[in-house]
Amino acid sequence: MLENPTLSDQVLAQMREQHKDTVLSLGEQLGQQASQRAAAQGTFGGGQYGSSLGDIQRSMAGDITKGYRDLNVQAADINR
């Protein structure tokens, strides 16, 4: 067992990339669902559809940023 475990910059970068990929994948799925819903309602390309996509994009940006912050805090706790 390691007495002083650390989290290297390389591992942290890999964790950030994995988190970003997960958020982007979920965002893509949500965007596809919004497209399907809009097409079924006959509103594809309309304002509500555009608004939904904007909401998804803003949420993704916030989720990525929050995840990076959380990973940085975890790394700082481990590496101190």
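How many salt bridges does a search of the whole structure find? I found 5 salt bridges, each a side-chain nitrogen of Lys or Arg within 4 Å of a carboxyl oxygen of Asp or Glu. The model is predicted: local features need pLDDT of at least 70, side-chain atom pairs count only at pLDDT 80 or more, and totals for chains, interfaces and linings use all residues. Residues are numbered from 1 along each chain as its sequence is written, and side-chain values use heavy atoms, with hydrogens and water left out.

**Entry: helix H1.** I looked up lysine 20, which forms a salt bridge with glutamate 17 (3.4 Å, N to O). Both residues lie in helix H1, 3 residues apart; helices are DSSP runs (H or I, at least four residues), numbered from the N terminus.

**Entry: helix H2.** I noted a salt bridge between aspartate 70 and lysine 66, with the closest N and O atoms 2.8 Å apart. The two are 4 residues apart in helix H2, so about one helical turn separates them. Lys66, Arg69 and Asp70 are linked in a network of salt bridges.

Entry: Leaving aside neighbours within four places in sequence, I found isoleucine 56 in contact (heavy atoms within 4.5 Å) with Gly27, Leu30, Gly31 and Ala34.
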